[in-house]
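Here is a friendly walk through one model, from its overall fold down to a single side chain. Have the viewer open as you read.

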Amino acid sequence: MEVTGFITAIVIGLVIGALGRLVVPGKQNIGILLTLLIGVIAAIVGTFVAGALGVADTAGIDWIELLIQVVFAAVGVALVAGIMGRRRV
């Protein structure tokens, strides 16, 4: 991954985190900064997974890569919200 790809993954990760939070049903007891951090991590991991699957470089918008990133963000938000919810009980 090049530096520009890494920076792009971070910027897109901010949006991905918000989308991941919207996909998860119910109320999540985590802050917006943690949600954005999860989105950045999901974007980076999703980019690597899409590259490994061979769908990272397609003509136009990489919809499959974006979908993979949102799925990782949704799973991350659900896991962290579940862990944070158990801690506060």
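Contact here means heavy atoms within 4.5 Å. Among contacts in the chain between residues at least 6 apart in sequence, 65% join residues at least 24 apart. This is a predicted model, where local features need pLDDT of at least 70, side-chain atom pairs count only at pLDDT 80 or more, and totals for chains, interfaces and linings use all residues. Residues are numbered from 1 along each chain as its sequence is written, and side-chain values use heavy atoms, with hydrogens and water left out.

The chain has three helices and zero strands (DSSP runs, H or I of at least four residues for helices and E of at least two for strands, numbered from the N terminus). As for pLDDT, the predictor's confidence in each residue from 0 to 100, the chain averages 81.

| Helix | Confidence in the chain | Mean pLDDT |
|---|---|---|
| H1 (residues 3-23) | lowest | 78 |
| H2 | highest | 87 |

Now zoom in on threonine 35, which sits in helix H2 (residues 32-53). Threonine 35 is buried, with a relative accessible area of 0%; buried means under 20%, exposed over 50% and partly exposed in between, using a 1.4 Å probe and protein chains only. Beyond its neighbours within four places in sequence, threonine 35 contacts Gly17, Ala18, Arg21, Ile30 and Val77.

Of these partners, Ile30 and Val77 also belong to the largest nonpolar core, together with Val24, Ile38, Ala74 and Ala81. Such a core is a set of buried Ala, Val, Leu, Ile, Met, Phe, Trp, Tyr and Cys residues joined through side-chain atoms within 4.5 Å.
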